[in-house]
Amino acid sequence: MELLVAVIKHAVIIFLMVLQLCMLVRAFMSWFVSDENRLMDFLYTVTEPFIVPIRALLDKLGWFSGLPIDISFMVAYLLISLVTLLLS
């Protein structure tokens, strides 16, 4: 049973690390790639389900409204980092 828990824990940590990598690649590509491509579509498909709920919450609370940068992206990244740290 301990082995199963350890395997699941490591799989979740690896998934979260890959998700963070996808978020970083998405952020850098948004600065340099102006046209739509398949990689950008994939990155949006993978990362957006984790960012949208935080964006909706921040919009509902009215926090950070009017800023030119997407704070919800950074909050999602930090939350994923925190969960990864807690699991490690």
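Two exercises with worked solutions follow.

This is a predicted model, in which local features need pLDDT of at least 70 and side-chain atom pairs count only at pLDDT 80 or more, while totals for chains, interfaces and linings use all residues. Residues are numbered from 1 along each chain as its sequence is written, and side-chain values use heavy atoms, leaving out hydrogens and water.

**Exercise 1.** Describe how α2 and α3 pack, and list the residues in contact.

*Step 1.* Helix α2 spans residues 38-61 and helix α3 residues 71-87; their axes lie 8 Å apart at an angle of about 120 degrees.

*Step 2.* α2 is therefore oblique to α3 (angles under 35 degrees count as roughly parallel, over 145 as roughly antiparallel, 65 to 115 as roughly perpendicular and the rest as oblique).

*Step 3.* From α2, the contact (heavy atoms within 4.5 Å) takes F50, I51, I54, R55 and L58; from α3 come I71, S72, F73, V75, A76 and L79.

*Step 4.* Sorted by class, this contact has 9 nonpolar, 1 polar and 1 charged residues.

**Exercise 2.** Work out whether R26 is buried or exposed, and which residues R26 touches.

*Step 1.* Find R26 in helix α1, residues 2-32.

*Step 2.* R26 has 7% relative accessibility, so R26 counts as buried (under 20% relative accessible area; exposed is over 50%, partly exposed in between, with a 1.4 Å probe and protein chains only).

*Step 3.* Setting aside residues up to four places away in sequence, R26 touches M40, L43, Y44, T47, E48, I51 and F73.

Definitions and conventions: Axes are lines fitted to C-alpha atoms, for helices over the stretch in contact, and angles run from 0 to 180 degrees between N-to-C directions. Helices (H or I, at least four residues) and strands (E, at least two) are DSSP runs, numbered from the N terminus. Ala, Val, Leu, Ile, Met, Phe, Trp, Tyr, Cys and Pro count as nonpolar, Asp, Glu, Lys and Arg as charged, and the others, Gly among them, as polar.
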